[in-house]
Amino acid sequence: MARSLTPPAASRPGAGREGTHPLQAAVSRGLRSTLRILVDLARTMIPAMIVVMILDRSGWLARIAGLAAPAMAWFGLPGGTALALLIGNTVGLYSGIAAAIPLGLDYKQWTILGTMLAISHAHPVEASIIARAGANTWTVLVARLLASAAAGALLNLVL
């Protein structure tokens, strides 16, 4: 007796609703998952963008940028990106990137900022993970900040 190659309807992914094709069910699950991710990203990115835009329109971003400009010059970044680095290191990578969007960076500045944030981001969250893993939190934090600064300075020289 020949066995059927098609699994029973109850064991197929997406099965369960009468008359739903498995491909249609998979597309539906994928769209719902994508929408949840977009909502999660929007929750972190939009507030960061709004904060930077408010600071920009109120004149505080120019003041912060003026204070941070000498330090940020080491990385070839404008002073306002200090706020994006601060947000990225405290809140998260995507929030830091969102905070930099209103700044109008060029490709070199985006490359440097993105590299620095990829190396060093979300320290409060990651510190607890590092502590649970058994590593010294402060050692890892300082190493990540130094590596981020070194990468930023090196990219500023190379690009």
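**From the inside outwards**

In helix α3, the residues T81, A82, L83, A84, L85, I87, G88 and N89 are buried, where buried means under 20% relative accessible area, exposed over 50% and partly exposed in between, with a 1.4 Å probe and protein chains only. Helices are DSSP runs (H or I, at least four residues), numbered from the N terminus. Because eight of the ten residues of α3 (residues 81-90) are buried, this helix is largely enclosed by the rest of the structure. Its buried residues pack against α1 (22-58), α2 (60-72), α4 (93-100), α5, α6 (123-133) and α7.

The model is predicted, and local features need pLDDT of at least 70, side-chain atom pairs count only at pLDDT 80 or more, while totals for chains, interfaces and linings use all residues. Residues are numbered from 1 along each chain as its sequence is written, and side-chain values use heavy atoms, with hydrogens and water left out.

Helix α5 (residues 107-119) holds I112, which is buried because its relative accessible area is 0%. Leaving aside neighbours within four places in sequence, I112 is in contact (heavy atoms within 4.5 Å) with F75, L77, G152, L155, N156 and L159. The C-alpha atoms of I112 and L155 are separated by 6.2 Å, although these residues lie 43 residues apart along the chain.

Helix α7 (residues 137-158) includes L154, and this residue counts as exposed because its relative accessibility is 53%.

Technical notes
Helices (H or I, at least four residues) and strands (E, at least two) are DSSP runs, numbered from the N terminus.
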